Amino acid sequence: MDNALRLQYLEAMGIDVWVPRAAPAPGRDEQLLIDNAAPETAALAPADHEPAHPGPDNWESLQAEVAACRKCALCETRTQTVFGTGNKQADWMVIGEAPGQSEDLQGQPFVGKAGQLLTEMLRALGLARDDVFIANILKCRPPGNRDPKPDEIDACHAYLQRQRALVQPRIILAVGRIAAQALLKTEAPLAKLRGKVHTLDETPVVVVYHPAYLLRSLPDKRKAWMDLQLAMKTYTEG
Ligand code: URA
Ligand code: SF4
């Protein structure tokens, strides 16, 4: 994206162009040392994750299972599955709703118009796409971008659980209402979910507006920046 457009996005979000980069937080190695020093604080594997195979989970088998998955009807209409992308040892895990048309065609999450704004939102946090791991609740596109159905979310749930267990992020950004509700197993509206820190298996979860919504709703861009600031504060203080 050219620089002028990038600045336009940031300004539209109410972000001052001179916004300072976030203060550096402890690196992952330091964090591992801290965890090793205090084994009782080590993160537990998600309780409801039952791998379909014996032994420790790994990215290769998970990725292959997703690529071949036919657990819900979306397998009939997808072009391809969209597994997720980024740093497999990221501190930050970004979880969206489901692939849209561009994602279904390219096999990557958040690559369409909304994806470009998400990339800018991350950049405003001092993060590149490659710094974070990005995935969706659903790995296949719902036809016509309709909302995911509960049975599809249930069918796909274990894959995201396994991705979370493999990445072991220090913070999760839930992008939009559908992702937040599915992740936190709640029907609360977005207005009730954003602005506070939730937890999922001891990992902090911050809910942010979906960039597709922000593209339509200019007034909420200021609040979107507040969401990002809450996420950064949670990460640096966590
Ligand atoms: N919206 C999402 O929630 N996820 C994507 O991957 C693209 C758009
Ligand atoms: Fe499988 Fe998930 Fe795709 Fe459904 S959406 S077919 S559960 S990968």
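Predicted model: local features only at pLDDT ≥ 70, side-chain atom pairs only at ≥ 80, totals over all residues.
## Around ligand 1

Let's start with the shell of ligand 1, which is made up of Gly 96, Glu 97, Ala 98, Glu 103, Pro 109, Phe 110, Asn 136 and His 210.

Three of these neighbours have polar atoms worth a look. Asn 136 places a polar side-chain atom 2.8 Å from an oxygen atom of ligand 1, and for His 210 a side-chain N or O atom is 2.9 Å from a ligand oxygen. Ala 98 takes part through its backbone, with an N or O atom 3.1 Å from a nitrogen atom of ligand 1.

## The nonpolar core

In soluble globular proteins, nonpolar side chains tend to be buried together. Here, the largest nonpolar core counts 59 residues, and Trp 92, Val 94, Leu 122, Phe 133, Ile 137, Leu 173 and Leu 183 have the most contacts inside it.

Leaving aside residues up to four places away in sequence, Val 94 touches Leu 118, Leu 122, Val 132, Phe 133, Ile 134, Ala 135, Leu 173 and Val 175.

How values were computed: Residues numbered from 1 in each chain as written. Chains lettered and ligands numbered in written order. Heavy atoms only, no water. Core = buried A, V, L, I, M, F, W, Y, C linked by side-chain atoms within 4.5 Å. Buried < 20%, exposed > 50% of the residue type's maximum accessible area, 1.4 Å probe, protein only. Contact = heavy atoms within 4.5 Å. Near = heavy atom within 4 Å. Polar contact = N/O pair within 3.5 Å; in protein donor to acceptor, adjacent residues only side chain to side chain.
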